[in-house]
Amino acid sequence: MSHRLSLRFQYDGTVMNPKTLLEEYDILPRKSLGQNFLHDPNMLDKIVSIADLTKNDLVLEVGPGTGLLTERLAQASKEVTSIEVDERLQPVLAEIVANHPNLSIRYQDILTLDINKLYAGLAYIVVANLPYYITSAIIKHLLESDHPPTRLVLTMQMEVAERMIAKPDDMSILSVSVQFFGRPQIAARLKPSVFWPRPEVDSAVVRIDTYDKPQVDVPDTKTFFRVVRAGFGQKRKQLKNALSSGLALDADTANALFDAAKIDSRRRAETLSLEDWATLTRAYISIKP
Ligand code: SAM
């Protein structure tokens, strides 16, 4: 099917909203791909302003969709690379690519993107209205890569945003992992009505500024996350039981670990701060046979 180049625009010169635009192309949004398109121009502008972009910045966007955010990102930055898994959107996005020489779109799953290869040591910023079904996997892929972004501005479910910024007593693997790499803040709140189709939940824009180096002192990141995963492995269990089974420690070694860390073994994982996890990691490394 061929389409005239001006299909994105209405007769009054404004850009079509995602619903009308996709109808023109006979494309139905796929729930399984988290396709809830943001159509509110004020909110789209706000996301770009939260990202604080300059003409020197390289931007990685996950899931351009119909390209309303993508176009704004291309106008505000030096270069944008957008990763979209749904090839049906190719004709919809082609016109934006044609109008913005600093924009390139790759049709692939973000989880298969080799970030190190794409940016090869260059600083970059991630901006994305995330597909909610893989929020955590995408954040893990970006933050735990060998070359994490300097900043992330991510739209996600409010409930996930709140878990991400949690403090000791309400911590989870998600909050420990994100806060290990950077400082997350909720920068805006979004009602379901700013999306089409409407999601069933409220959303939030979270800005995460990543640290040049971790804020806590751990000799080895892999071991830190092994200890954290073991600690959270058995919900509502005391740390001693969780770590004994997660790290396969016998009773004497587990006692030695908590003595060395000076942390009460009856505490539960959600009460620990990042500093506590770092202390436990150092103690674990020191007592490991
Ligand atoms: N950026 C658009 C907006 O603001 O309206 C669309 C956001 S929509 C919530 C999520 C987008 O991510 C969709 O375009 C969807 O096709 C895409 N997507 C879903 N899974 C993906 C994946 N694994 N890799 C890359 N893109 C994906």
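Predicted model: local features only at pLDDT ≥ 70, side-chain atom pairs only at ≥ 80, totals over all residues.
**The ligand and its shell**

The ligand is surrounded by 22 residues. L38, G63, E84, N129 and Y133 are the closest of them. By class, the shell residues divide into eleven nonpolar, seven polar and four charged.

| Residue | Protein atom | Ligand atom | Distance |
|---|---|---|---|
| L38 | polar backbone atom | oxygen | 2.8 Å |
| N129 | N or O atom in the side chain | oxygen | 2.4 Å |
| Y133 | polar side-chain atom | nitrogen | 2.9 Å |

On its own, the ligand has 590 Å² of accessible area, and the protein covers 98% of it. Which elements give two or more residues to the shell around the ligand? They are β1 (37-38) and β3 (79-84).

**Helix pairs**

Two packed helices are described by the angle between their axes and the distance between the axes. Helix α9 (residues 221-232) takes part in a crossing with helix α8 (residues 173-181). It also crosses helix α10 (residues 239-246).

Take α8 and α9 to begin with. Their axes come within 10 Å and cross at roughly 160°. Angles over 145 degrees count as roughly antiparallel. The two helices are therefore roughly antiparallel to each other. Their crossing is right-handed.

Now α9 and α10. Here the axes come within 7 Å, and the crossing angle is roughly 120°. Roughly perpendicular ends at 115 degrees and roughly antiparallel needs an angle over 145. α9 is therefore oblique to α10. This crossing is right-handed.

**Backbone features**

Most residues other than glycine have a negative phi, and most peptide bonds are trans. Two places in the model depart from these patterns.

Where is the cis peptide bond? It joins W196 and P197, with omega at about -15°. P197 sits in the loop between β8 (195-196) and β9 (203-210). W196 falls within the range of β8 (195-196).

D169 is a residue other than glycine with a positive phi, near 105°. The loop between α7 (158-164) and α8 holds D169. That α8 is the helix whose axis comes within 10 Å of the α9 axis.

How values were computed. Residues numbered from 1 in each chain as written. Heavy atoms only, no water. Near = heavy atom within 4 Å. Polar contact = N/O pair within 3.5 Å; in protein donor to acceptor, adjacent residues only side chain to side chain. Areas by Shrake-Rupley, 256 points an atom, 1.4 Å probe, with all protein chains shown as cover. Helix = DSSP H or I, 4+ residues; strand = E, 2+ residues; numbered from the N terminus. Nonpolar A, V, L, I, M, F, W, Y, C, P; charged D, E, K, R; others polar. Axes fitted to C-alpha atoms, helices over the stretch in contact; angles between N-to-C directions. Parallel < 35°, antiparallel > 145°, perpendicular 65-115°, else oblique. Left-handed = near helix turned anticlockwise from the far one by under 90°.
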